[in-house]
Amino acid sequence: MHKYKRSPGSLAANGILYLLLAAVSLTCLLPFVHVLAKSLSQDAYVIANRVILLPKGLTLAAYGKILKDASILRSLYVSVLVTVLFTLLGMFLTICTAYALSRPQLRGRRALTFLCMFTLYFTGGIIPEYIVMSGLGLLETIWAMILPLSFSAYNFLIMKNAIASGIPLSLEESARMDGAGHFRILASIVVPLSKPIIATLSLFYAVGRWNAYQDALFYIKQRVDLRPLQLKLYYLVVQASESFQLEQVQVNLTNPEVLKASCVIFATVPILLVYPFVQKYFVESVMVGAVKG
Amino acid sequence: MATEQKTAGAAGSAEGSGAAGGRGSGSAGGASPAAPTGPAGPVQPVQPAGPLGPAQPAGPAGPMAPIGPGGPVRLRGAALAIARDWQLYALLVIPMLFLALFKFAPMGGLVLSFKDYKIAKGIWNSDWVGFDVFRAIFSHREFFPALRNTLLLNVLDLLFGFPMPILLALGLNEVRSRWFKSTSQTLLYLPHFLSWVIIGAIAYQIFGQSSGLINNLIEASGGARVPFLQEDAHWLVSYVLIGVWQAMGWGTIIYLAAISSVNPELYEAATVDGAGRLRQCFSVTLPCISSTIVTLLIMNLGRLMGGSFERIYALQNKATTEFTTTIPVLVYRWGIQGNNFSRATALGLFQSVIALILVLASDYAAKRMGEEGLL
């Protein structure tokens, strides 16, 4: 764009800038490389602290153990199931609310929108929510991880603005002239025209659900078989950072370090697989959210 | 939101007054909770097609019409709105049910803060105790450390976490190599997509005392092992650094967008005036994005009472207890682990109210300064 004099000074400054940025960027990558290397190494090298960025004595033994561990696979299944149901439900609620509340003629729309947005700034808090979940008999069920967070005011806002700005009202009016009701308009005009934003928000819901563990920690205490992967990982790796043996893992542990490392990679891979595809959408939606005014 | 509501301003203001004016809407009296009945007068001009809009297809209005007791169908106000838009209200039924059950019912549970909750008596029959629960909290020996920790961790986050994305964005903006820039961004955004459990697990792999990578390297070069995560002061530093690391890349997005909308002529003029790149950065770019910076700063100030439970829980361990007990952690410990629901609810309410006040104050401040605000 603009031209600069390439003096030795500016070249040096440029070099320093690139170096600094490369260093900061690498801090986001190298920890994974290290953990990955550990997970692929033989126990002896890891115990001897000789693994840094490359695996030593390449082996997949740790992953073999994980894949044989029924409880980890069970957690993976719970996570997938919960994420899928949560995303579907979340999108259903978001689309219905956003479409209805983006219609200018709807009476009460302002009050209802306020009710939705209010939940963004004030909540009952951990304990009242816990009591409600308990009262509904949802504790220790997978629904505890699906129902409460499925309506997201933030996603609703993004969806509503996308519909309001992306779909001309005249389109709706002409459809109504042709005798189409709102259900019909929603299903055959609004949803098909909103595919990009629906994809983005689905990813929002899915990634958020996949990564969260706080509600599972609160609501799933006895039913070990309902622990999602993140919670399982929490008990396995984080809480047991000092004493791995507390958790009764069915795999036979020779060295927890390698196993911990492979657990981390195992739980990260699904995110890493979708990351290249979701990144672009997420970046865009940050802007959508930022210019919500 | 604001702009869009202006286009529908007439409808909005009519409803706004509807909540207060209980005059009902004539014969039909649609007492539906979804549509507050408003004064019939001001509402009429809003409806595009007048009463029983002739343009409407007969379908929706049909089944609703006989409800009005006034003989020949003359729907007005709320009843007309429901008759015309019943499908829209139908779409809202399930979401509103979710909202009521999972968002507003818990707010009702906040009454526990003013009661002496006994499980046997239930929420409603437990005895009212006024502000006794709050008095008990404020004099509890764990309260002030938790309040201090909440504020301390958030202030440190703000202090170190806030400038980092700005610096990174300014740096990335100076990069001319497309490839380098997009690769950096891909790497920098990555931590945002990882759960705190995974980040915590990786942190222990890197910073752990007995087998962490950094300590292995320190020892190999002849140093002594450092308890990065296993001693209070070190933990505090690690906690803040890991948080900065996790959020810095993602934070650049908004600044990069702001920078990209700076008028290029300004740079050209600065170049003509002989300003170098560093000078342009400070004299053109920074002033141009200062309003974005101020807005985000104010928003962050509004979050000083917040705090991620997941982050603390994923990074804490038994050796570090001094700074890890924040208010959310204490709520969890008192309530879910200790079953003292009244006390934990009141503590949560205390936090929510302060947080709400901070958000409203920061929004007000942002608007006073001519920014968009966040509400």
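In chain A of this predicted model, the loop between α7 (126-135) and α8 (153-166) holds A:E140. Although A:E140 is not a glycine, its phi is positive, at about 60°. The surroundings of A:E140 include 15 C-beta neighbours inside 10 Å, so the residue counts as partly exposed.

A positive phi is also found in chain B, at B:N339, a residue other than glycine whose phi is near 60°. B:N339 sits in the loop that joins α18 (327-337) and α19 (341-368) of chain B. With 10 other C-beta atoms within 10 Å, B:N339 is exposed, the limit for that class being 12 or fewer.

Turning to the domains, chain A is assigned domain 1 (1-59) and domain 2 (62-293). Where they meet, domain 1 of chain A supplies eight residues and domain 2 of chain A supplies nine residues. On the domain 1 side, the elements that give two or more residues are α2 (30-39) and α3 (43-47) of chain A. Helix α2(A) provides the largest share of that side, with four residues. By class, the domain 1 side comprises four nonpolar, two polar and two charged residues.

It remains to describe how the two chains meet. The contact between them draws 93 residues from chain B and 84 residues from chain A. On the chain B side, helix α5 (residues 77-108) of chain B makes the largest contribution, 16 residues. The side of chain B that touches chain A is made up of 60 nonpolar, 23 polar and 10 charged residues.

Technical notes: Residues numbered from 1 in each chain as written. Chains lettered and ligands numbered in written order. Predicted model: local features only at pLDDT ≥ 70, side-chain atom pairs only at ≥ 80, totals over all residues. Domains from an automatic or database assignment. Contact = placed C-beta atoms within 7 Å. Nonpolar A, V, L, I, M, F, W, Y, C, P; charged D, E, K, R; others polar. Buried ≥ 20, exposed ≤ 12 C-beta atoms within 10 Å, placed from the backbone.
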